[in-house]
Amino acid sequence: MADNIIIRVQSPDGMKKIPSTKRETAAAFLKKVAKEFGFNSNGFSIYLNRNKTGEILSQNKTLSLLKIKHGDMLFLFPSGSSGSSGEVMDTVQEDEIDQYLAKQDGKIYRNRDPQLCRHGALGKCVHCVPLEPFDEDYLNHLDPPVKHMSFHAYIRKLTGGADKGKFAALENISCKIKSGCEGHPPWPEGICTKCQPSAITLNRQKYRHVDNIMFENHTIADRFLDFWRKTGSQRMGYLYGRYTEHKDIPLGIRAEVAAIYEPPQNATQNSLELLEDPKAAAVEEIAAKLGLCKVGWIFTDLLSEDTRIGTVRYSRNKDSYYLSAEECITAGYFQNQQPNPCRLSREGHFGSKFVTVVATGGPDNQVHFEGYQVSNQCMALVRDECLLPCRDAPELGYAKESSPEQYVPDVFYKDKDKFGNDVTFLARPLPVEYLIIDITTTFPKDPQYTFSSTQRFPIENRDVLGETQDFHSLATYLSQCTSTVFLDIVSDFHLLLFLVTNEVMPLRDSIGLLLDAVKTSNEDLAQTWKKSEQWATIEQLCSKSPSIKEGTVSKPHVELDLCCTLMHVLCHPVLSRYTCPAVKVPVATPLHPALTLSRPTLNSPMTSPCGDQLRDLDALFFHPTS
Ligand SMILES: [Zn+2]
Ligand SMILES: [Zn+2]
């Protein structure tokens with residue numbers, strides 16, 4: 001029968017193959033595993049991933065519903081082996097920035113105060129003694145005030161300041177029934193105080209995993225916005241860069257953005273939908289070889305206000321919302337995909353450093369970049385599928401109710417009632433401001449360039465704009481490059497992606513040297529690679545591809561091309577991908593709003609009632625505010 005499947009289960013004592021069926025429930029499967037491995041009770045947990053994420057719980061969902069397929073490998077850990085709380089997971093490889101900050105002193109040093117200090121130059125008193133990195137009074141008096149301490153300052157606070165040998169234990173929140181409970185049948189038939197997840201009271205997170213987002217230069221953001229300028233459709237991209245020290249805040253972390261990768265997506269003026277990306281793994285690999293990682297995502301929510309002066313509508317503010325519930329859930333989903341490796345958590349990970357940036361209209365009707373993360377509470381609610389968006393009120397989420405398929409713990413939040421008293425509310429609905437942490441987003445005074453090319457190779461997945469990545473566009477690109485420094489010519493993230501992933505002549509294995517050259521800005525290395533066979537082949541492919549080089553093509557030819565192109569664009573928008581790169585495609589919204597960078601403060605009272613209809617999450621929708 002086609003329903004029969006074999007699941008592999010890896011345990012500390014070895015691997016076993018468990019025969020099962022697609023329609024078997026997780027509960028029945030777990031019982032079978034217990035028998036097979038000789039566990040008397042259910043004293044073990046099974047996970048989808050080796051790093052103990054994606055636990056398979058005893059429930060009535062079938063294996064096929066849980067997306068467990070024939071041949072899949074699952075990971076079994078006996079319950080006793082996860083270590084007691086407070087134990088440091090020394091096997092966890094933390095990010096470099098975390099290893100660096102853990103070694104820093106972090107103290108806030110102050111000079112002798114000429115008015116208050118009554119001691120000599122070498123003395124110290126209460127007015128000048130160094131402060132701890134989590135000193136809230138100090139953070140509140142920064143300009144602008146800092147509402148969240150850094151994550152590493154928070155760890156210092158838990159351990160009582162400097163490393164005194166104490167360990168902070170960080171517990172990941174779980175909204176799921178604990179596995180391995182004996183003495184009663186699985187949910188919905190049974191639940192007890194031992195296995196029931198605790199109720200959650202949402203509070204504003206005191207710390208944040210990232211304290212600042214910095215785009216290396218305006219060009220990165222500007223090229224991303226170009227898509228909206230030319231089509232009027234919204235756009236989404238992944239931010240690639242690195243985590244560095246953010247020196248403005250004690251033990252702070254900055255997410256530096258070096259490039260934006262635009263995955264395949266369906267976009268309209270009011271919605272964004274991500275599509276399956278066959279190149280996702282290759283992009284990750286190339287980025288890693290360039291010393292970069294996925295630090296976050298960015299999306300536009302832009303609507304032009306006055307096309308003559310290029311202004312955009314100011315729609316996200318304290319009277320509407322900063323992030324919609326759908327966006328919070330999507331951010332939570334991404335953050336769960338990119339967990340923060342952490343030695344202080346039993347599971348080896350805690351929170352996430354993955355950031356969310358919205359490009360939207362500010363109070364001055366210019367394009368602003370607003371940075372956020374969602375709280376670790378929100379991550380847990382999203383991971384355990386407890387949170388839904390409301391259909392008619394983007395600023396409201398909704399904590400699911402328990403069903404035979406799923407137990408959902410009660411979720412509460414505290415707010416003031418109309419008399420000013422603290423009241424606890426059930427999170428049905430829930431104002432998403434309880435889930436959001438804002439992060440200042442900046443551009444440096446002196447722009448930086450990981451990718452130094454001054455020419456622009458077409459960005460991936462923009463065929464709809466007539467901007468295609470092929471050897472024709474590569475020929476054009478190369479003909480426009482005036483630099484004699486080969487490193488400058490190849491130092492373009494989108495070009496490197498094309499060289500690796502194109503179907504005609506993919507450079508998968510042979511491009512390591514070139515990526516290394518770009519990573520270390522080494523022209524000698526780049527020159528060595530230029531002499532390779534691969535580059536010779538690419539140049540050959542380019543020469544065969546008809547290219548329009550300045551001065552080499554007679555004028556009538558260009559006009560003919562232009563004519564054909566316009567015909568294509570006008571009659572068959574789909575064919576506009578054959579546009580010759582030298583010709584500008586007519587644009588829907590020819591705007592060039594200047595970039596300005598400041599952000600309003602986050603202070604959104606709950607005003608709107610909830611529509612009791614809830615939405616499924618398949619695409620992000622933007623809700624025009626009137
Ligand atoms: Zn003093
Ligand atoms: Zn129980």
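Modeller: Let's start with H8, which is mostly covered, with eight of its eight residues buried. Keep in mind that this is a predicted model.

Colleague: Which residues of H8 are the buried ones?

Modeller: They are Asn376, Gln377, Cys378, Met379, Ala380, Leu381, Val382 and Arg383.

Colleague: Let's take H7, then. At what angle do H7 and H8 pack?

Modeller: About 90°, with the axes 8 Å apart; H7 covers residues 325-337 and H8 residues 376-383. That angle makes H7 roughly perpendicular to H8.

Colleague: Which residues make the contact?

Modeller: From H7 you have Cys328, Ile329, Gly332, Tyr333, Gln335 and Asn336, and from H8 Cys378, Met379, Val382 and Arg383. By type, that contact splits into six nonpolar residues, three polar and one charged.

Colleague: What comes after H8?

Modeller: Glutamate 385 follows H8, and its phi is positive, near 55°.

Colleague: Back to H7. Which strands does H7 lie across?

Modeller: S21 and S22, and H7 runs at about 140° to S21. Those two strands belong to an open sheet of three, ordered S21-S22-S25 with antiparallel pairing.

Colleague: Which are the edge strands?

Modeller: S21 (387-389) and S25 (430-431), each of which pairs on one side only. S22 (residues 396-399) pairs with S25 in the antiparallel sense over two bridges, and glycine 397 stands opposite leucine 430 in S25.

Colleague: Switching to the core. Which residues touch the most other members of the largest nonpolar core?

Modeller: Cys328, Val432 and Leu496, out of 105 residues in that core. Leaving aside neighbours within four places in sequence, cysteine 328 is in contact with Leu323, Val374, Cys378, Gly397, Val432, Leu435 and Ile436. There's also a second, separate core of 19 residues, which includes Val9, Phe29, Leu57 and Leu63.

Colleague: How much of the whole protein is buried?

Modeller: Buried residues make up 38% of the 626. The secondary structure comes to 15 helices and 27 strands. Of the contacts with a separation of 6 or more, 72% are between residues 24 or more positions apart.

Colleague: Now the backbone. Where are there cis peptide bonds?

Modeller: One runs from aspartate 143 to proline 144, with omega near -5°, in the case of a proline in the loop between H3 (136-140) and S6 (149-150). Another goes from tryptophan 187 to proline 188, with omega near 10°.

Colleague: And lysine 67, is that buried or exposed?

Modeller: Lysine 67 is exposed, because 9 other C-beta atoms lie within 10 Å. Lysine 67 also has a positive phi of about 60°, although it is not a glycine. Serine 521 has a positive phi too, near 50°, and is found in the loop between H12 (512-519) and H13 (523-530).

Methods. Residues are numbered from 1 along each chain as its sequence is written. Chains are lettered from A and ligands numbered from 1 in the order in which they are written. This is a predicted model: local features need pLDDT of at least 70, side-chain atom pairs count only at pLDDT 80 or more; totals for chains, interfaces and linings use all residues. Axes are lines fitted to C-alpha atoms, for helices over the stretch in contact, and angles run from 0 to 180 degrees between N-to-C directions. Helices (H or I, at least four residues) and strands (E, at least two) are DSSP runs, numbered from the N terminus. Angles under 35 degrees count as roughly parallel, over 145 as roughly antiparallel, 65 to 115 as roughly perpendicular and the rest as oblique. Two residues are in contact if their C-beta atoms, placed from the backbone, lie within 7 Å. Ala, Val, Leu, Ile, Met, Phe, Trp, Tyr, Cys and Pro count as nonpolar, Asp, Glu, Lys and Arg as charged, and the others, Gly among them, as polar. A residue is buried if 20 or more other C-beta atoms lie within 10 Å of its own, exposed if 12 or fewer, and partly exposed in between; C-beta atoms are placed from the backbone. Two strands pair if DSSP finds at least two bridges between them. A nonpolar core is a set of buried Ala, Val, Leu, Ile, Met, Phe, Trp, Tyr and Cys residues joined through C-beta atoms within 7 Å.
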